[in-house]
Amino acid sequence: MFQVQPYLAQYKVNVKNEILAGLTTALALVPEVVAFALLAHISPLVGIGSAFIICLITSVFGGRPGMISGAAGSVAVVIVALVAQHGAEYLFLAVALMGIIQITVGLLRFGKFIRLVPQPVVYGFVNGLAVIIFMAQLEQFKVPGAGGEEQWLQGTPLLLMLGLVALTMAIVYFLPKLTKAVPASLVAIIVVSALVIGGKLDTKSVGDIASIKGGLPTLHWPQVPLTWATLALVLPYSVIMALVGLTESLLTLTVVDEMTDTRGHGNQDCVAQGLANVASGLTGGMGGCAMIGQTMVNLESRGRGRLSGVVAAGALALFVVAGSSLIEQLPLAALVGVMFMVVIGTFEWASLRILRRMPRPDVLVMLLVTLVTAVSQNLALAVLLGVVVSALVFAWENAKRIRARKHTDAAGTRHYEIYGPLFFGSVQAFTDKFDVQQDPAQVVIDFRESRVADMSGIDALHKLTERYHRLGKTLHLRHLSPDCRQLLRNAGALIEVNIQEDPEYRVVTAE
């Protein structure tokens, strides 16, 4: 049940730190959001407006205080084809539908399934995102050439850019060793910006990407025909965006939980992400989700409550409405330097240190997820592949563990004591352990240390029973757990097995 006092307390966590963290995060959001909007072939103002809406709603209603959401690149990658082929209006409908799907996932409490993601997949996800963030910053080292094509900076402009980036990184790294009164990232941005603006240094600025001057988002109903054909067109994009967005958000939530030693609420965040995307779609915006880079900026600036996200959203609105001329003068080198430090902080260096001690399958899963995340930027696909491969490895390892201890009792009955689960992966190994031809007329399979896990296991028992029956022998199943017995009873119309009922022992009490 919702409790007002604990909720309001999340806005009172060191107000000074929260405000400064929110301002720092907003500055880091601007170039990222503008770049993602251009990637999706839509106006930069649409990207900033979407970031304002999404950041505000998820900060207020989300399940993870301190986590920053906005118009994310992982979602922008999905919508490029839709915008290019059909226009932005279809995108707005797809984003609203994406939000409805996410709300449904949260209300059905499916967010808990994020617990099924193994640690190597989380490592791969985080490392892959670190690579994506790093590669995205390299774009700022390019300028339009004479023919309009992008080319790398050279000579003095490149050296100046590198020097300013290095200065920013040095301030972010060394300042916390002297004082933690203010966020190091904010100080670095202010110092480098003052140096560039005051010294009139010729280097790339935010305004070189695009102008951010404009107004706040307003209600805008998607101008598309509301037909089944339209729904069929946008639904696949909506589903993919919803899955990508929830995957990145829930995994980012997990990472933040580990960093802050607290626990967020996954299902609540699914609903909040959905509400934010519905609002974004109905105000002419693009889709979004949690942004791990900006979340790390917020956390490193000591933003832990909801206020930092609200301040970040408010600052974005202020930048657009009144402060665009100042923000557009900010040197990109300062923001790139901050994001490079985020990359260093985001990458799981521990995963490299323990690489030799990790099981080989886990290493392969981690590298697979990292590679797929970095190359395709399809986070849902990368995580799904990682989970599937991990599950197959787990099934294979458990399939090899099934074994049988055999003995014959004084009455001449052959006993097979089974150890390990009987499921689709272990069926063949289980079947090979029986000598149907040489066994006596009475055979007992003891499942005290095993269990029948699925339909493949049931089918294996049925076929084994038939093999013994054809030779006039009887097979008994003993010590089946209650859930295994229920499983067999449910499949009673499909199979025929002889379950040997176990005696029930009761404690005799004095009357």
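Because the model is predicted, local features are taken at pLDDT of at least 70 and side-chain atom pairs at pLDDT 80 or more, while totals for chains, interfaces and linings use all residues. Residues are numbered from 1 along each chain as its sequence is written, and side-chain values rest on heavy atoms, without hydrogens and water.

Arginine 109 sits in the loop between helix H5 (88-107) and helix H6 (119-138), where helices are DSSP runs (H or I) of at least four residues, numbered from the N terminus. Its relative accessibility of 52% makes arginine 109 exposed, a word used for values over 50%, with buried meaning under 20% and partly exposed lying in between (1.4 Å probe, protein chains only). Arginine 263 belongs to the loop between helix H9 (228-260) and helix H10 (266-281), and with a relative accessible area of 64% arginine 263 is exposed.

Arginine 109 also has a phi near 60 degrees, a positive value in a residue other than glycine. Histidine 41, in the loop between helix H2 (15-39) and helix H3 (44-61), likewise has a positive phi, near 65 degrees, and is exposed at a relative accessible area of 53%.

Turning to the aromatic rings, the structure holds seven aromatic pairs, which are rings of Phe, Tyr and Trp (its six-membered ring) with centres within 6.5 Å, called stacked when the planes are under 30 degrees apart, edge-to-face when over 60, and tilted otherwise. Tyrosine 7 and tyrosine 11 form an edge-to-face pair, 5.4 Å centre to centre with 70 degrees between the planes, and tyrosine 7 is buried at 17% relative accessibility. Phenylalanine 347 and tryptophan 349 form a tilted pair, 4.6 Å centre to centre with 45 degrees between the planes; here phenylalanine 347 is buried at 18% relative accessibility, whereas tryptophan 349 is partly exposed at 43%. Elsewhere, Tyr416, Phe430 and Phe434 form one aromatic cluster.

Technical notes: Helix = DSSP H or I, 4+ residues; strand = E, 2+ residues; numbered from the N terminus.
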